Amino acid sequence: MDTIFRIFHHAQYTRDGTVLGNLLSPNPPTGDPLLLQRFYKDSNVFDVQSDITQYVKAPQTTVPKEQRNAWIDIYVAYWKAIGEILRAESGNHRNDWAIKVYEAWKEVMNLVIRGY
C-alpha cells in the first residue's frame, strides 16, 4: 500500500488528476506489474478499512478533510475489486467470477462518481 499511497499523496499535493485517475486502474502500470498484487496482499478483509484510513489521514496528507472519507471509501472498494480481479485471473474462482468482478468494479465507479 505504501507505493500507491505515496503516489496518491504526491498527486494530491501537485493536484494531478490524471495520476489520481490512473491509480484507480484495474491494470497494473507497465513499470510495476506486481503493484496491484502487493496492494491487495498488504491488508486483509478485517483491517482494510483502518489500514486505508491510516494512509489517507496520514500527517503529511494534503487531502482536504471534507474529501478524506470519500477517498477512504473509494480505496476500500478498490481493494475489494482488486481482490476479485486477482482471484479471477488466478483461475481459483467459481462460475460467478465475472459477476463478482463486475459488481466490485461497479462499486468503485459509483463511489468515484458520488465523490465528485
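This is a predicted model: local features need pLDDT of at least 70, side-chain atom pairs count only at pLDDT 80 or more; totals for chains, interfaces and linings use all residues.
Residues are numbered from 1 along each chain as its sequence is written, and side-chain values use heavy atoms, with hydrogens and water left out.

Let me begin with the core, by which I mean a set of buried Ala, Val, Leu, Ile, Met, Phe, Trp, Tyr and Cys residues joined through side-chain atoms within 4.5 Å, where buried is under 20% relative accessible area, exposed is over 50% and partly exposed lies in between, with a 1.4 Å probe and protein chains only. The largest such core has 35 residues, and those with the most contacts inside it are Phe5, Ile52, Trp71, Tyr75 and Tyr78. Two or more residues come from each of α1 (2–14), α2 (17–23), α3 (35–41), α4 (48–56), α5 (65–90) and α6 (97–115), and α5 gives the most, with 13 residues; the helices here are DSSP runs of H or I, at least four residues long, numbered from the N terminus.

Which residues does Tyr78 contact, leaving aside its neighbours within four places in sequence? With contact taken as heavy atoms within 4.5 Å, they are Ile4, Leu23, Leu24, Ser25, Leu36, Phe39, Trp105 and Val108.

Turning to the aromatic residues, the structure holds 11 aromatic pairs, a pair being two rings of Phe, Tyr or Trp (its six-membered ring) with centres within 6.5 Å, called stacked for planes under 30 degrees apart, edge-to-face over 60 and tilted for the rest. The Phe5 and Phe8 rings are edge-to-face, because their planes stand at 75 degrees, with the centres 5.8 Å apart. Both residues lie in helix α1, three residues apart, which is about one turn of the helix. Phe5 counts as buried at 1% relative accessibility, and so does Phe8 at 0%. Together with Phe39, Tyr55, Trp71, Tyr75, Tyr78 and Trp105, Phe5 and Phe8 form one aromatic cluster.

Also in helix α1 is His9, which counts as buried at 10% relative accessibility. Not counting residues up to four places away in sequence, His9 touches Tyr55, Val56, Ala58, Gln60, Thr61, Thr62 and Val63.
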